[in-house]
Each structure stands twice: as C-alpha cells, then as structure tokens.
Amino acid sequence: MLEFVSSFLVDRFYMSEQWISISFVLLISLIPSVLMVAWFHGRPGPDTWNKIEKIGIPINLAITVALLLGIYGGKDLNARTEEMRVLNERGEAVIKTVPKSEYKKGIAIVFNQSSTDTGIVINALDMVVAEMLYHDLRQELFFSVQDPWNQQIRFRQEGSESDDQVMPLTLIREHCKQQFLSYFIIPSLTFSNDMYHLKIRLYDADRLHLLLEYESSSELPFSPIDLATRKIKTALKISEKHIDESTDLPVAELMTADMEALMAYIKAMEAHLLLHDYALATTHINNALEVDAYFAQAMLRQVLIYMLSLIHI
C-alpha cells in the first residue's frame, strides 16, 4: 500500500506527500482490527462474527477516522501541481502543469569566499561554478533558485560582507530567512594539476545542517556539475521517477562548453553587477562571444549591458 501511494499517487500524479504518512498511520491504526480477524477467523471451517469483533472493529475504525481527521484535517491533500494557460513561442495558448508555489523549495546559491594575504576574495572559478549551478538547477520545476549575484549584492547593501573574515554560516542563514529560503548552496571550483576540482555543500538554512557534500575532479567541470545537480535533487527529496522524466539539459548546453568563453562571461557579469563598469563589461562580453558565437546567455547579457550603458552615459 505504501509503495502504491508513494510511486503511483505521489510520484506519478504529484499528489501531496502527506498521503504517504496517511497510509502509514492508517496501516498502524488498523492493526487491532487485523489481529481480531486473524484470531477469530484463522482456523479452518465456517466462522461467525462474535461480540468482541462486532464492538471492537467499529470502535477501531471510528478511532482511526478520528485520528486521521485530527492529524490531517486542516492540511492540503490536493495535488502539488496546478494547470496554467500560457502562450507558447508561436503565440498559441497551451495548458502547462506547474508546481504550486507552496511546494517549491527555495534555494540560495552563495559565492564561496577564500581567505588570502590581501583579505577575503571571491575567485573567478567560484563565480563560474555558482553561475553554472544556478542555470542548471533552474530547470527543476520544484525549485525556486536565487542567483548568486543578487545574494552578493544583498550582502554588500546590508553591510554583511567583511574584508578580513569569511562570511559565517549563521549570517547566510539570516539572509535566507529574510527571503523565505529553506536551503543554501556554497559551490567552489579550483584548478590544479590540469584538473578541475569541484566541491558542493548544501545546507538546511533553518538548522544549518549539512545535507550534502559532493566532491569531484575532472578535466572539465561540466559533467560533474550535472551530476551534482542530480545529487542535490535527491538530497532535497525530489523523487527519482520525477528526475528521470523531467527535462534536464546538460549545463554545457545551457551555457557554453568553452571555458575561455565562460571566464570572459563571468568577468563581464562581475564588471556589470558588482563593479558597475559598463565599458569593462562590454569588452568582456564581446570577448566571450568572439570565442563562442552561439553562447546564448552571453548574447542576452550583451543586450542588457548595452541598454544599461546608454542609460548611464
């Protein structure tokens, strides 16, 4: 029964996960009735219902119903998704199934900070992995992902960033609470011995529990990031069936498979969003598109930088 509810109702039809616990409570609470039937009707031959069963089983059923109503009476047991009418790329109205907002898991991606002799810095590769992870996780419909650039801007505006101390997890937690985010991820990427070394840390923002720590080394970081994304989904209890059936493009397809173009793009993002130097941002974004002319995210950023540069002339 639990397997049916879990794999069929919850995974297939996206019903509320409360149905799994309801099934469990139902099975446990009906044990007295099962024992009575097994005790009085377990022998061969015809049986009749006796007084104990006639009284005990209805009482057990009534208690079970009252227990379920008391525990789950005020909870939403409907589907976790809803249908919305949207316009497709041809301007046609189509019905799309999307998760309800209350079932989306809010996640902040935070830049990894490194302590050096000159103070606290955010390395370019740490910006690269945070940006790639952001775009990869955004594909999951049950995630509401906040990009690392906005998080860094918030830290600076609120005076949370320090020049000589790595930001403590407790401060990150407070920022997550202010934004009603339940989780945060701190990814890092280093390069040594001709290998990229990836490290992902996923935290529960409420309790500051480390839910996932994933490390990988490879010649290019793209495939490990795709694998890390799947592990993050699993750690946040996204069902394997949903993961397998959902659209999840490789991050190299979403961004670019060229590290040189990606580094130029990240430098443009930093110049645009953190330094507010639009001339420098234009130079870097043009360099990114010279290396990879089909880098779609860079094209969009190039247009935005150009428009903002006109405003700030």
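In this predicted model, the axes of helix H5 (residues 124-137) and helix H8 (residues 222-235) come within 10 Å of each other and cross at roughly 50°. Residues are numbered from 1 along each chain as its sequence is written, and side-chain values use heavy atoms, with hydrogens and water left out. Because this is a predicted model, local features need pLDDT of at least 70 and side-chain atom pairs count only at pLDDT 80 or more, whereas totals for chains, interfaces and linings use all residues.

**Helices H5 and H8**

- The two helices are oblique to each other, a class left over once angles under 35 degrees count as roughly parallel, over 145 as roughly antiparallel and 65 to 115 as roughly perpendicular.
- The crossing of H5 and H8 is right-handed, which is to say that the near helix is turned clockwise from the far one by less than a right angle.
- On the H5 side, Val-129, Met-132, Leu-133, Asp-136 and Leu-137 meet Phe-222, Ile-225, Asp-226, Thr-229 and Ile-232 of H8, where contact means heavy atoms within 4.5 Å.
- The residues of this contact divide into seven nonpolar, one polar and two charged.

**Aromatic pairs**

- There are four aromatic pairs, counted where the ring centres of Phe, Tyr or Trp (its six-membered ring) lie within 6.5 Å, with planes under 30 degrees apart called stacked, over 60 edge-to-face and the rest tilted.
- One of them joins Phe-191 and Tyr-196 in a tilted arrangement, with 4.6 Å from centre to centre and 50° between the planes.
- In that pair, Phe-191 is partly exposed at a relative accessible area of 44%, whereas Tyr-196 is buried at 13%; buried means under 20%, exposed over 50% and partly exposed in between, with a 1.4 Å probe and protein chains only.
- Tyr-265 and Phe-295 form another tilted pair, with 5.1 Å from centre to centre and 45° between the planes, and both residues are buried.
- Tyr-265 lies in helix H11 (residues 259-275) and Phe-295 in the loop between helix H12 (278-291) and helix H13 (296-311), so this pair ties together parts that are 30 residues apart in sequence.

**The loop between E7 and E8**

- Asn-193 lies in the loop between strand E7 (183-192) and strand E8 (195-204), and has a positive phi of about 55° although it is not a glycine.
- Asp-194 is found in the loop between E7 and E8 as well, and its phi is near 60°, a positive value in a residue other than glycine.
- Asn-193 counts as exposed at 72% relative accessibility, and Asp-194 is exposed with a relative accessible area of 61%.

Notes:
Axes are lines fitted to C-alpha atoms, for helices over the stretch in contact, and angles run from 0 to 180 degrees between N-to-C directions. Helices (H or I, at least four residues) and strands (E, at least two) are DSSP runs, numbered from the N terminus. Ala, Val, Leu, Ile, Met, Phe, Trp, Tyr, Cys and Pro count as nonpolar, Asp, Glu, Lys and Arg as charged, and the others, Gly among them, as polar.
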